Every structure is written in C-alpha cells, then in structure tokens.
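Try each task before you read its solution.

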Amino acid sequence: MREVPDLIACEGCDALYRKVALRPREIAHCPRCGTELERDAGRQRERILPLTVASLIMFLIANGFPIVEIELQGLSSRTTLFGAVLSLTTEGMSLVALLVLATTILFPLLQLLFLFYLLVSLAKQRRPAGFSWLVRAMQSLRPWGMVEVFLLGVLVAVVKLSNMATVIPGVALWAFGVLTVLLTAVVSFDPRHFWQMAYAEASKEGSA
Ligand SMILES: [Zn+2]
C-alpha cells in the first residue's frame, strides 16, 4: 500500500481516502469496492513484542536441539533440523533441502528478526534505519512466512527423511510445536501497522 501521512490508497481500486482515527478494533473498508483499508490493532501492538521474543527463544531451542536420529550405513547419529537438511543435500535432494531450509528456518527467522528490530526501535521512539525498506520487505515476505508454509516445510522434511531417520520426541519437537502456535499469533500482525506506529511517534515528537 502506498501511504502518505494523511492519505490512504485502496489496494482494490486505487481510490484515495483521508485517514480517520479508528476506534479500538474498528476496521475501515473502501466504500466503493469493499477492500479493507485499515484496522485498529487494539491490544495486539502491546502483545506483539513479547510474542516475538518468545518465538525467537523457541526458534533457538527448536533448532539447537537434535530433532531426528539419522541412520546412515549402520551408524546412527542425532541431529538438528539444519543437520537433517544438510543430509538431504547429500542424498541428492538439494531442491527439497532448499525448500525445507527456506520455509522452516530462513523465512521464520528473517521475519522474527525484522519484527524484533522494528519493534524495539519504535519502543525507543525512533524510526530505525531502513524502516520503509524493512516494512516493505516484511509485506512481501508475508505469504512465505505463513504458518501453513512452515508446517508444509516440516511435513516435507519428515516425509523425505522418514526412510532414513526417526523423529526424536524430545525438547526440539516440543519447541517446534510451541513455535507453531506462537507464529500463528505473530504472523497475524499486519506489517502495515508499522506505518501507523511510526506516524504516531512522529506526531508525538512534533507536538512536544
Ligand atoms: Zn476500493
């Protein structure tokens, strides 16, 4: 969405509207085509930073502990998801390995790190370097950061590894479970809210 401080453009029909202050949990729709223009994040804004931090911790646990036991030529070894992805590449499944790496490790981590950086900077009341670029990057990464994609990646990894590996019902598996639930809440946060948050900070500074 293209935005200037006081105007908002409809993504559906390009009509321009003057922004109005939304009441808690209120959603503004385009009167011409019905596309959602803006919604009040309500308490989501206060919850999103703790959720992001919890997700990052769960991410570290999920990827730091062994999740599968791989058997190769009679030798069995326990490995993390990343180790499992590496063993997929040695089995000649580089494309699958790349898909699993992107959907279960790369996209969630990038999304969480961007969120953390933006939220912490805005909490310190400053617009961080690369703000516009990061918010746009998050909006384009969003379809890839969906929980369905993440679960699909995990599922593909499990299926592809099933003939040579067994899943360990341990810490990493539980952490993945919790991470899935947390990510569901985190990805429901629309990056568009960052524009409103930055604008609110700017107008506070302006009036001070
Ligand atoms: Zn419209």
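**Exercise 1. Decide the geometry of the zinc site.**

Step 1. Take the angles. The four donor atoms around the zinc ion subtend 101 to 113 degrees, so the arrangement is tetrahedral. That label asks that all angles of four donors lie between 85 and 135 degrees.

Step 2. Name the donors. They are the SG atoms of Cys10, Cys13, Cys30 and Cys33, at 2.2 to 2.3 Å. A donor is an N, O or S atom within 2.8 Å of the metal (3.2 Å for Na, K and Ca); water is not among the atoms, so sites may look incomplete.

Step 3. Read the spacing along the chain. The donors follow C-x2-C-x16-C-x2-C.

Step 4. Cysteine 13 is in the loop between S2 and S3, and cysteine 30 is in the loop between strand S4 (27-29) and strand S5 (36-39), 17 residues apart. Strands (E, at least two residues) and helices (H or I, at least four) are DSSP runs, numbered from the N terminus.

Step 5. Cysteine 13 is partly exposed, at 22% relative accessible area. Cysteine 30 is buried, at 3%. Buried means under 20%, exposed over 50%, and partly exposed in between (1.4 Å probe, protein chains only).

A note on the source: this is a predicted model, in which local features need pLDDT of at least 70 and side-chain atom pairs count only at pLDDT 80 or more, while totals for chains, interfaces and linings use all residues. Residues are numbered from 1 along each chain as its sequence is written, and side-chain values use heavy atoms, with hydrogens and water left out.

**Exercise 2. Describe how S6 and S7 pair.**

Step 1. Strand S6 (residues 68-72) and strand S7 (residues 75-79) are antiparallel, with five bridges. Two strands pair if DSSP finds at least two bridges between them.

Step 2. Isoleucine 70 stands opposite serine 77 in S7.

Step 3. Look at the turn. S6 and S7 form a hairpin with two residues between them, and glutamine 73 in the turn has a positive phi of about 45 degrees.

**Exercise 3. Classify the ring pair of phenylalanine 131 and tryptophan 195.**

Step 1. Count. The whole structure has four aromatic pairs. Rings of Phe, Tyr and Trp (its six-membered ring) pair if their centres lie within 6.5 Å; planes under 30 degrees apart are stacked, over 60 edge-to-face, the rest tilted.

Step 2. Classify. Phenylalanine 131 and tryptophan 195 are 5.5 Å apart centre to centre, with 90 degrees between the planes: edge-to-face.

Step 3. Trace the chain. Phenylalanine 131 is in helix H4 (residues 131-141) and tryptophan 195 in helix H7 (residues 193-207), 64 residues apart.

Step 4. Check burial. Phenylalanine 131 is buried at 3% relative accessible area. Tryptophan 195 is buried at 14%.

Notes: Four donors count as tetrahedral if all angles lie between 85 and 135 degrees; four count as square planar and six as octahedral if opposite donors are over 155 degrees apart and all others between 65 and 115; anything else is irregular.
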